[in-house]
Protein chains: 2
Amino acid sequence: MTVELICVGTELLLGNIVNTNAAYLAEKCAGLGLSCYYQTVVGDNAQRLAETLQAAVKRSDIVILSGGLGPTEDDLTKEVAAKVMDRELVEDAVSRAYIENYFASRNTEPTENNWKQAMMPQGGIILPNPNGTAPGVIIADDTAHVVLLPGPPHELKPMFENYVIPYINKLEPGVISSQTVKVCGIGESRVETLLQDLIDGQENPTLATYAKPGEVHIRVTAKAEGEKEARKLIKPLVKEIKSRMGNHVYTTDEEVTLEKAVVDLLVANELTVTCAESCTGGLLSGRLINVSGVSQVYKSGYVTYSNKAKRKLLGVKKSTLEKHGAVSRQTAEEMARGLAAVAKSDVAVAVTGVAGPDGGTEEKPVGLVYIACSVKGEVTVQEYHFSGNRQIIREATVSAALVLMRSCILEYFSEITFGKKK
Amino acid sequence: MTVELICVGTELLLGNIVNTNAAYLAEKCAGLGLSCYYQTVVGDNAQRLAETLQAAVKRSDIVILSGGLGPTEDDLTKEVAAKVMDRELVEDAVSRAYIENYFASRNTEPTENNWKQAMMPQGGIILPNPNGTAPGVIIADDTAHVVLLPGPPHELKPMFENYVIPYINKLEPGVISSQTVKVCGIGESRVETLLQDLIDGQENPTLATYAKPGEVHIRVTAKAEGEKEARKLIKPLVKEIKSRMGNHVYTTDEEVTLEKAVVDLLVANELTVTCAESCTGGLLSGRLINVSGVSQVYKSGYVTYSNKAKRKLLGVKKSTLEKHGAVSRQTAEEMARGLAAVAKSDVAVAVTGVAGPDGGTEEKPVGLVYIACSVKGEVTVQEYHFSGNRQIIREATVSAALVLMRSCILEYFSEITFGKKK
């Protein structure tokens, strides 16, 4: 079955608020096995809303509207939907009693227009709203099921979960399930090239790639009668993707971020970690520390923005800074070595670069970054060239540092495994 | 003129991501004086995208599409737009050269499908993309102006600001001008209460408030024949708002962020600054260091996540940690005092808190945060109660720290001015 979302509200059209209801409803509907092809935002305007709803009921099985159920004159979603679905508005006794109680329990008087909220399309299924005064309603006929929900997320979400999901589940048996393979250290185009034959041949399950800073997410989605059958369709494709992506795969768990994967790797190998940051100024530590439970491996870190701080806190040699400059392979390496020693940490990551917009030269342009990673004294230094504004360069640097940390740790242990070191 | 937004992406229809591009574009378009009546989300499907775009160009003067400009087969916005606007796709030499350089500077090879990004609708105006490989394009005819932008926000935003705004400004005689009064340390409802009569009576100029983490932006927008006339309308209202908001106003300059305002205040008063962070783990330093030129005032900082790091690096007393705990007014104060001494810095900010999801107790719940700010040895400690997930709490903490720094510095100098200290 197909579903379509219509979010009603001038504040959305003006960009005053971000449309989180659409993301919430879309994700829930995908999970219910519904195909969503359109989301529309319209203002509180009867004609445009009516036209949008008319188009929607023609092309979709279920239409979910949010917003415009309030008591004011602006709120006209119910009136428009009743007209489009050819229903009269009649007073609903239960809704009227609910509104009476709602205000009585708050010791306030309803205003005249609050009673508007007790008027309901004839034959509609009323959805109670324990978190506000506007009930929801479902109006169904042979062409479509039209679901009207209030706009505030804390009213919409429980109403959707308590009433709309059971209603939809009865309409169509079957589920949609998906799994994401997350890879890093490889670009989206390269991923697609490696998976091209799988992408071309897709039907059920389907496969889609999503580029994120420093990583790519590959999502596999299947439709089936039940969760178990869907999983069965997904499993072999995920296995194939993992085998093609090799070491680039850092997780197949939806909840695991790149920083979480790095922290998990540190925890699993009983390694402590520390960072010394120049151009990123704390963002790398900040991202690692976003992982709950990082305290097992991360104890302290340094922001060494000035040359003096690099010398004083990390022991970078004055001669190195003078000869090669603060943004150099040599300085990055000395930062990492000094950091490992001062913080007594197994893994030490040092970052230095030109984040711009000032400070670039022909020899060392804006975007030039060196990252050094020491794993038990074995130091790898990488040179990067990023583009974008100061913030983008710094965020790209943080992602690159996480990718480098992961590969250095894996490399270190694979060398142990293959007997190159004891 | 009317504008309409079409955001293209299956990930939006599946609810994988929240549509922040729509909110951004809607806000910018409102600021340009355009009326936006529709926003639509469609997937990477040629037929549905074509139908949506056909309807849009019929009813709106400007249609802005975002997403689907990437190198993969899924990406077909450009192909569909070219067809709807009746244009051939031809290779654009500049775009091809740009892609060549982009990959050469990264020492990687473009894949075959990257060249697709150099194919452009004939007669289109190419919009350069310094932050990615997909250029944007504007295709215009008698019926509509169709603007194609890449989906990633860090590519879309600078492209919109650098190329699309000037383009739109040329389409309509008369100008819309706006100015934003940015305030901090005061909530949105309080701001609205203080400005209610101005909000009620608005016509030209108009006034709108936007809540951001830790701050509120009050935007004044005027329509007039020329920039000068628009400025003339805006000026008295901005003056009135500034007088009502008092010290909460940190800037009226669109480009100035809260961290930039704090850094400017430090520079103006010749104060050095440093941070010691526990739960925020470097994000506060990271945000200050996002200000270009911060090196004048920021030299070094510390991430003191473990108790040992707080003791060793900042000299927090063992007895304080044992008696009051790491998340306490006392620990925050000792962190700030120790930090000011060790970093020899005029301003020293220390942050400690329970960011969750674990680690909360009845006495010290998740969201409890202490921030201490020392200005030349004068220490202020504030207690905060934030809600949300780990990341939200940490970001709210960073914003609160910036607000506290600003007010402590202002307070310190106002006391000097009023002779309370020399």
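Start by selecting helix α4 (residues 77–84) of chain B: six of its eight residues are buried, so the helix is largely enclosed by the rest of the structure. Buried here means that 20 or more other C-beta atoms, placed from the backbone, lie within 10 Å of the residue's own; exposed means 12 or fewer, and partly exposed is in between. Helices (H or I, at least four residues) and strands (E, at least two) are DSSP runs, numbered from the N terminus. The buried positions of α4(B) are T77(B), K78(B), V80(B), A81(B), A82(B) and V84(B). After α4(B) comes D86(B), which has a positive phi near 60°.

The model is predicted: local features need pLDDT of at least 70, side-chain atom pairs count only at pLDDT 80 or more, and totals for chains, interfaces and linings use all residues. Residues are numbered from 1 along each chain as its sequence is written, while chains are lettered from A and ligands numbered from 1 in the order in which they are written.

Next, select strand β15 (residues 347–353) of chain B. Seven of its seven residues are buried. V347(B), V349(B), V351(B) and G353(B) point one way from the strand, and A348(B), A350(B) and T352(B) point the other way. In a regular strand the side chains alternate between the two faces of the sheet.

Strand β13 (residues 273–277) of chain B runs parallel to β15(B), joined by five bridges, with V273(B) opposite V347(B). Strand β16 (residues 368–375) of chain B is antiparallel to β15(B) and joined by seven bridges; here A350(B) has A372(B) as its bridge partner.

Move to chain A and select G367(A), in the loop between β15 (347–353) and β16 (368–375) of that chain. G367(A) counts as buried because it has 20 C-beta neighbours inside 10 Å. Leaving out residues up to four places away in sequence, G367(A) touches V354(A), G356(A), H385(A), F386(A), S387(A) and I393(A); contact means C-beta atoms, placed from the backbone, within 7 Å.

Now show both chains and look at where they meet. The contact takes 63 residues from chain A and 65 residues from chain B. Elements giving two or more residues to chain B's side include α2 (20–31), β2 (35–42) and α14 (390–417) of chain B. That side has 27 nonpolar, 28 polar and 10 charged residues; Ala, Val, Leu, Ile, Met, Phe, Trp, Tyr, Cys and Pro count as nonpolar, Asp, Glu, Lys and Arg as charged, and the others, Gly among them, as polar.

Select β2 in both chains. β2(A) (residues 35–42) and β2(B) run antiparallel and are joined by five bridges, and T40(A) has T40(B) as its bridge partner.

How values were computed: Contact = placed C-beta atoms within 7 Å. Pairing = 2+ DSSP bridges.
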